[in-house]
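Trainee: I would like to go through the labels used for this structure and ask what each rests on.

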Amino acid sequence: MAEDFPVISAESDAWEAVTQLAEQRLPGLVVTDPAGKPLSILPTAQVVRILVPSYVQDDPSLAGVLSESMADRVADKLRGKKVQAFIPDDAPELAVVNDDDTIVEVAAVMARLRCPLAAVMRGEEMIGVITASRLLQLALTPPR
Amino acid sequence: MSTGIANTVFVVAYVLIATEKIPKMVAALAGAGLVLAFGVVGSADAFYSHDTGIDWDVIFLLLGMMIIVGVLRRTGAFEYIAIWAAKRAKGSPLRIMILLVLITAVASAFLDNVTTVLLIAPVTLLVCDRLGINPIPFLIAEVLASNIGGAATLIGDPPNIIIASRAGLTFNDFLIHMTPIVAIELVVFTLVLPWLFRGSFAIDPERAAEVMELNEREAIQDTRLLVKCGAVLFVVLAAFVTHSVHHVDPSIVALLGAGVLVLISGSQPEHFLAGVEWETLLFFAGLFVMVGALVKTGVIGDLAELATDATGGNALLAVMLILFVSALLSGIIDNIPYVATMSPLVLDLSQSIANPVHAEALWWSLALGADFGGNMTAVGASANVVVLGIAARAGTPISFWEFTKKGAIVTVITIAVAAPYLWLRYFLLA
């Protein structure tokens, strides 16, 4: 059930990572440490949240106060930063499943962690990723 | 034995509240539960006595104002005023700080301090972000201003509400006695801002132009709601001021105002109840029961006698002692439990002083000391803690010592101004 999926290192440039998310319309990226071991998931929703200034998150009425030119530059904060900088200190538990897990086991992990994708492991090695949409595809496919 | 139980429960609960080992609501309610369980006080004492029980006037005044403020917050009016002011300052950091400080202080006189800083902090971060300057000096200045401004009226700070209820003081009494000194303090505070935060006011003309591009009108979420809130708030304040005419207590006025606002605004419970801090109200309730146990067992009376002996019946000495001790202790521990504990003691003290002007001065010194003392440290007032949290989330953390360095200076200044005021007004010129 695992499929190839873009994986990015925590030390990678954040701008490039977000560009990848945007161009490929991905639900998130698997973030690995320099050794390639899965470290965390960076959901696209989290990146969108990062674009919102903290003061707007605290007071949503300020969102409209910013001018068009200010709003257009909202992604500037991503420049010159590493992906690691955007993984929150209280990062959600990484969704990890085994390659022999059933659809229900995978769904349970995703539901519990509210994560749109999970890293698929065979032993200590990550062999791919399963997304929520791929999981649904498998669930809806009649058994042979 | 009742005295021993009341004392022990109170001290342990107080330590837990001050150290925040457990949530203060839990500590206060547990303490109240224990004095009730051991029969130190009964239900009549706890629920029906103004001297020993829950002060329902305080609870319901707070409840009413929390609901009103909860609805008012949704209008965006405060944000409009703050951004409008920043644009009037033409991007000058010092002028912006002064204007935001004054707005914060005035708002704090009518809204609770925590709500005021919750409203001003995001706008401040926005303006500083646009100017490309460090927001920390601005946030510290504003929270100091909120604690100063909140002292001006009966509803500006919870300690004032407790004092008013215990002493039988009215909204107008606070306007006559507290507002003038707070106005003086604000002038002094504004004058020291350039020195206190020197080095924080460098101007970048290009960034200053960005502030002018902000559109404050977009902050107003609901104009009709704003008009309704403004009307209700005006009527509520007018009712506070005209209490001597209609004799409707402030708690009733606040509740009626909240009820009318909820009705005419069509607010849903999840909106208008979102601003109610139930934990704070329960904390107050527990606190009043514990302090009531000390009143009933005579502990407060004994302490008052000790205080009278210590001051030799000298009212001026008592006033100054209360001012300085209140400022010191309020900077270290929460000023709400401090004032809740001191109020019955000051009541007993005031009743032993023949001159009514001198007797009333004790209350004003308690209010000034407790309100201004909250500025002394980063944990001296709830508003301080809230701002530190907001600053940390914004990536510009304020350390305990960074705040306390400024707060301690401001506390010394405000108390140094308050002391001669009390002496001049209530002793020399009375």
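Mentor: The questions below concern a predicted model.

Trainee: Why is Lys90(B) called partly exposed?

Mentor: Lys90(B) has 14 C-beta neighbours inside 10 Å. Buried needs 20 or more and exposed needs 12 or fewer, so Lys90(B) falls in between and counts as partly exposed. Lys90(B) lies in the loop between helix H5 (77–88) and helix H6 (93–110) of chain B.

Trainee: What makes the phi of Lys90(B) worth a remark?

Mentor: Most residues other than glycine have a negative phi. Lys90(B) is not a glycine, yet its phi is positive, about 55°. His247(B), also a residue other than glycine, has a positive phi near 60°.

Trainee: How do you know that strands S2 and S3 of chain A pair?

Mentor: Five bridges join S2 (residues 28–32) to S3 (residues 38–43) in chain A. Pairing takes at least two bridges, so these strands pair. They run antiparallel, and Val31(A) has Ser40(A) in S3(A) as its bridge partner. The hairpin has five residues between the strands, and Gly36(A) takes a positive phi near 90° there.

Trainee: How many residues of chain A are in contact with chain B?

Mentor: 10 residues of chain A are in contact with 18 residues of chain B. On the chain A side, four are nonpolar, four polar and two charged.

Note on methods. Residues are numbered from 1 along each chain as its sequence is written. Chains are lettered from A and ligands numbered from 1 in the order in which they are written. This is a predicted model: local features need pLDDT of at least 70, side-chain atom pairs count only at pLDDT 80 or more; totals for chains, interfaces and linings use all residues. Helices (H or I, at least four residues) and strands (E, at least two) are DSSP runs, numbered from the N terminus. Two residues are in contact if their C-beta atoms, placed from the backbone, lie within 7 Å. Ala, Val, Leu, Ile, Met, Phe, Trp, Tyr, Cys and Pro count as nonpolar, Asp, Glu, Lys and Arg as charged, and the others, Gly among them, as polar.
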